[in-house]
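Hi everyone, thanks for having me. I'd like to walk you through how the pieces of one protein chain pack together, so please have the picture open while I talk.

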Amino acid sequence: FQLYTVPGQVYYNSTRKLVLQGVDGVIFVADSDPDKFDESIESYANLIENLAEYGLTLDDVPIVVQVNKRDLPDALPVEMVRAVVDPEGRFPVLEAVATEGKGVFETLKEVSRLVLARVAGGS
């Protein structure tokens with residue numbers, strides 16, 4: 001496995017786009033902080049645009065949504081996050097508190113499982 005992380009800010013678009021070249025799976029990290037959620041929405045739209053530049057759609061790549069910062073007292077409900085970044089309910093959604101390591105390994109395990117299932121299935 002080769003793992004890459006990219007900054008969440010859209011102004012790092014060239015780095016984000018480059019990392020998607022030849023991608024086998026994506027973990028999209030959405031922020032539970034109400035003050036940062038607009039940035040998550042923008043990042044999600046940017047992911048769709050960048051995949052399209054490689055001739056891919058969200059259906060072509062295994063995707064897991066990690067809803068981070070669940071420890072915040074005013075964290076947005078997971079259902080609200082899903083309604084914006086995955087309204088069709090196509091992707092697994094896992095909760096996390098990355099600063100405490102909660103949900104991080106589980107998210108990696110889930111995207112790994114999806115990628116391996118795709119490879120084993122030949123699709």
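Predicted model: local features only at pLDDT ≥ 70, side-chain atom pairs only at ≥ 80, totals over all residues.

Let me begin with a term.

Now, how does helix 2 pass helix 3? The crossing is right-handed. Their axes come within 10 Å and cross at roughly 30°. Angles under 35 degrees count as roughly parallel, and helix 2 and helix 3 are therefore roughly parallel to each other. Which residues make this contact? From helix 2 we have Phe37, Ile41 and Tyr44, and from helix 3 come Met80, Val81, Val84 and Val85. Sorted by class, the contact of helix 2 with helix 3 has seven nonpolar residues, no polar ones and no charged ones.

Next, please turn to helix 1, residues 13–20. Helix 1 packs against helix 2 at an angle of about 50°, and their axes are 9 Å apart. That angle makes helix 1 oblique to helix 2. This crossing is right-handed. On the helix 1 side, Asn13, Arg16, Lys17 and Leu20 take part, and they meet Ser43, Asn46, Leu47, Asn50, Leu51 and Glu53 of helix 2.

Let's move to the largest nonpolar core. It holds 18 residues, and Leu47, Leu58 and Val81 are the ones that touch the most other members. Which elements give two or more residues to this core? They are strand 1 (26–31), helix 2 (37–53), strand 2 (63–68) and helix 3 (78–85). Helix 2 supplies the largest share, four residues.

If we set aside neighbours within four places in sequence, Leu47 is in contact with Leu20, Val26, Phe28 and Leu58.

My last stop is Glu110, which sits in helix 4, residues 104–121. Is Glu110 buried or exposed? Buried means under 20% relative accessible area, and Glu110 has 16%, so it counts as buried. Apart from neighbours within four places in sequence, Glu110 is in contact with Val64, Pro92 and Leu94.

That's my tour, and I'm happy to take questions!

Terms used
Residues numbered from 1 in each chain as written. Heavy atoms only, no water. Core = buried A, V, L, I, M, F, W, Y, C linked by side-chain atoms within 4.5 Å. Buried < 20%, exposed > 50% of the residue type's maximum accessible area, 1.4 Å probe, protein only. Contact = heavy atoms within 4.5 Å. Axes fitted to C-alpha atoms, helices over the stretch in contact; angles between N-to-C directions. Parallel < 35°, antiparallel > 145°, perpendicular 65-115°, else oblique. Left-handed = near helix turned anticlockwise from the far one by under 90°. Nonpolar A, V, L, I, M, F, W, Y, C, P; charged D, E, K, R; others polar.
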